[in-house]
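Hello,

Here is the structure I promised to pass on to you. Have a look at it first, and then read on for my notes.

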Amino acid sequence: MTDNAEAGAVRAALDVVPGIPCEGEAPVFEEPWQAQAFAMALALHQRGVFTWTDWATLLGEEIRNARAEGDPDDGSTYYRHWLATLERVVALKGIASSDTLGRYVHAWDHAADRTPHGQAIELRPEDFP
Amino acid sequence: MQLRVRALETVLTEKGYVDPAALDRIIEAYETRIGPHIGARVVARAWADPTFKKALLADASQAIETLGLEQKVGDHLIAVENTASTHNMIVCTLCSCYPWDVLGLPPAWYKSTPYRARTVKEPRTVLADFGVTLPADKTIRVWDSTAETRFIVLPMRPEGTEGWSEERLASLVTRDSMIGTGLAKTASEVAA
């Protein structure tokens with residue numbers, strides 16, 4: 001994908017999805033995981049997994065539900081909702097259930113725990129519950 | 001959050017929905033409010049001001065706070081100083097631990113398995129891959145970051161930069177020089 005194609009893909013998202021924190025016309029992130037979550041949504045969209053209109057609807061539901069439970073309405077938790085939406089879309093589209101995602105979270109946590117300091121962490125079959 | 005993001009990325013990669021290299025390209029294309037320019041300011045101040053340097057090496061998080069930067073720097077940041085006898089490098093075995101509040105998003109290679117695995121075992125070879133050759137008698141120390149403790153390298157001040165303003169000094173400081181996979185630029189590499 002060329003830089004131009006990327007820029008176009010991002011603009012398409014910004015046009016439809018409300019609330020993406022931006023500086024000028026570019027999204028900005030407070031922490032690396034937010035950029036990763038953003039990039040994954042962009043990649044899934046490019047694969048045709050969802051449209052940005054669908055995404056905006058699901059993300060909007062996520063944010064409304066969170067606010068109903070007392071989430072601050074100040075944008076600080078935007079990417080938490082983005083990530084939750086991503087997990088939901090992946091389950092809705094039959095790519096991976098929330099159980100599967102949970103198993104991978106557990107496996108990474110386990111792999112991190114068993115790996116001695118100073119060695120690269122890799123997933124092994126025994127890491128899965 | 002990081003574990004959940006990592007789990008998603010693993011599942012989507014295994015199923016062929018995303019390509020980690022393509023994700024990295026997207027990530028690198030975006031600026032963050034936070035970038036290596038923050039670390040460069042810190043290094044330049046340390047070069048210019050011995051009192052600040054002492055404070056930085058004693059408690060980096062606290063020292064950086066006194067600079068009054070917009071960006072809040074997290075606790076437990078440790079600055080390690082390159083000297084004539086010692087070169088420092090940083091790595092993280094879990095890949096996401098990086099002093100992002102002073103350096104921005106980590107470069108893709110920092111997160112790669114070869115860098116993570118090889119830096120601990122053969123730092124000199126890794127440095128050579130980055131085009132850095134150090135004298136054989138120079139000690140190389142590798143600092144393994146964790147979620148609690150992160151490191152930033154204070155590179156050596158290049159020769160011939162006496163009397164430079166902090167702003168000009170900061171232009172010598174590259175991201176890689178603060179990770180330890182590079183050195184600061186030489187005076188002649190920076191336009192006057």
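Predicted model: local features only at pLDDT ≥ 70, side-chain atom pairs only at ≥ 80, totals over all residues.

**Chain A as a whole**

Chain A is built from 5 helices and 2 strands. If you follow the chain from its N terminus, the elements come in the order α-β-β-α-α-α-α. Its C-alpha atoms fill a box of roughly 45 × 40 × 30 Å along the principal axes. Of the 129 residues in chain A, 44% are buried. Looking at contacts in chain A with a separation of 6 or more, 51% come from residues 24 or more positions apart.

**Helix α2**

After α2(A) comes A:G48, which has a positive phi, near 80 degrees.

**Where chain A meets chain B**

Chain A and chain B bury about 4,100 Å² between them, and 70% of that is on carbon and sulfur atoms. In chain A, the residues that lose the most area to chain B are A:M40, A:I95 and A:W108, which together make up 15% of what that side buries. The contact draws on 43 residues from chain A and 39 residues from chain B.

How many salt bridges are counted between chain A and chain B? The count is 1 salt bridge. A:E87 forms a salt bridge with B:R4, and the closest N and O atoms of this pair are 2.8 Å apart.

Which elements of chain A give two or more residues to the side that touches chain B? They are α1 (3-16), β2 (26-27), α2, α4 (78-92) and α5 (98-114). The most comes from α2(A), with 9 residues. Sorted by class, the side of chain A that touches chain B has 30 nonpolar, 4 polar and 9 charged residues.

**Salt bridges within the chains**

Over all chains, a search of the whole structure finds 11 salt bridges. One of the residues to look at is A:R88, which forms a salt bridge with A:E61, the closest N and O atoms being 2.7 Å apart. This pair links distant parts of the chain, with A:R88 in helix α4 and A:E61 in helix α3 of chain A, 27 residues apart. A:R88 is partly exposed, with a relative accessible area of 30%, and A:E61 counts as partly exposed at 28%.

The side chain of A:R88 also meets that of A:E62 in a salt bridge, at 3.3 Å from N to O. Here too the pair links distant parts of the chain, A:R88 in helix α4 and A:E62 in helix α3 of chain A, 26 residues apart. Is A:E62 buried or exposed? A:E62 counts as buried, at 18% relative accessibility.

In chain B, B:D129 forms a salt bridge with B:R118, the closest N and O atoms being 3.0 Å apart. B:D129 lies in helix α9 (residues 123-129) and B:R118 in helix α8 (residues 113-121) of chain B, so the pair ties together parts that are 11 residues apart in sequence. B:D129 counts as exposed at 55% relative accessibility, while B:R118 counts as partly exposed at 25%. Back in chain A, salt bridges that share partners join A:E61, A:E62 and A:R88 into one network.

**One more residue in α3**

Finally, please look at A:A56, which lies in helix α3 (residues 52-68) of chain A. A:A56 is buried, with a relative accessible area of 18%. Leaving aside residues up to four places away in sequence, A:A56 touches A:V16, A:V17 and A:P18. The C-alpha atoms of A:A56 and A:W82 are separated by 9.9 Å, and these two residues are 26 residues apart along the chain.

Note on methods: Residues numbered from 1 in each chain as written. Chains lettered and ligands numbered in written order. Heavy atoms only, no water. Helix = DSSP H or I, 4+ residues; strand = E, 2+ residues; numbered from the N terminus. Contact = heavy atoms within 4.5 Å. Buried area = accessible area lost by both parts, 1.4 Å probe. Salt bridge = Lys/Arg side-chain N within 4 Å of Asp/Glu carboxyl O. Nonpolar A, V, L, I, M, F, W, Y, C, P; charged D, E, K, R; others polar. Buried < 20%, exposed > 50% of the residue type's maximum accessible area, 1.4 Å probe, protein only.
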